[in-house]
Amino acid sequence: MHELSLMMGIVDQLRKSAAENNIKKISKVMLVVGEMTMAVPDALQLAFEAFKEEELFQNAVLEIRKEPVRGECKDCHHNFGVEDFAFVCPNCSSPNVRIASGRELYIDYYEGD
Ligand SMILES: [Zn+2]
């Protein structure tokens, strides 16, 4: 399952960071998920539940912010929101488009003590 492996990576980062900052219990995690990652928020929530047996995550609430996909045209440098994964520049119709954002999955911040 895609989301479970993604969540394992996130949980690893949280464990490491919490240990470094002497945090024993995490209360909130804000996760940013780009739409290009194809990760389903509900599945991420479910995957996160699997780690709740750990004291560190027992009371943690996972919040997810979706980041829309944006493209940038390599020909005219137009930056635009990509809909339905149509990577064609709406300005000059060039298919020469790079993904400017939407591929990211990272922890924006977390809270705990
Ligand atoms: Zn263009």
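Q: What is the order of the open sheet of three strands, and is the pairing parallel or antiparallel?
A: Strands of a sheet pair through backbone hydrogen bonds, parallel or antiparallel. In this predicted model, the order is S4-S3-S5, with antiparallel pairing. Strands are DSSP E runs of at least two residues, helices H or I runs of at least four, both numbered from the N terminus. Pairing needs at least two DSSP bridges between the strands. Strand S4 (79–81) and strand S5 (97–101) are the edge strands, each pairing on one side only.

Q: How many bridges join strand S3 to S4, and which residue stands opposite Phe-80?
A: Three bridges join S3 (residues 70–73) to S4. Gly-71 is opposite Phe-80 in S4.

Q: Why do the buried residues of H2 line one face of the helix?
A: An α-helix has 3.6 residues a turn, so residues three or four places apart point the same way. In helix H2 (residues 41–49), Leu-44, Ala-47 and Phe-48 are buried. Buried means 20 or more other C-beta atoms within 10 Å of the residue's own, exposed 12 or fewer, partly exposed in between, with C-beta atoms placed from the backbone. Seen down the H2 axis, the buried residues fall within an arc of 100 degrees, so they line one face. The arc is taken over directions from the helix axis to the C-beta atoms. Asp-42 and Glu-49 are exposed, on the face turned away from the buried side.

Q: What do the buried residues of H2 pack against?
A: They pack against helix H1 (2–20) and strand S2 (61–67). Contact means backbone-placed C-beta atoms within 7 Å.

Q: How are residues numbered, and which confidence limits apply?
A: Numbering starts from 1 along each chain as its sequence is written. Local features need pLDDT of at least 70, and side-chain atom pairs count only at pLDDT 80 or more, while totals for chains, interfaces and linings use all residues.

How values were computed. Contact = placed C-beta atoms within 7 Å.
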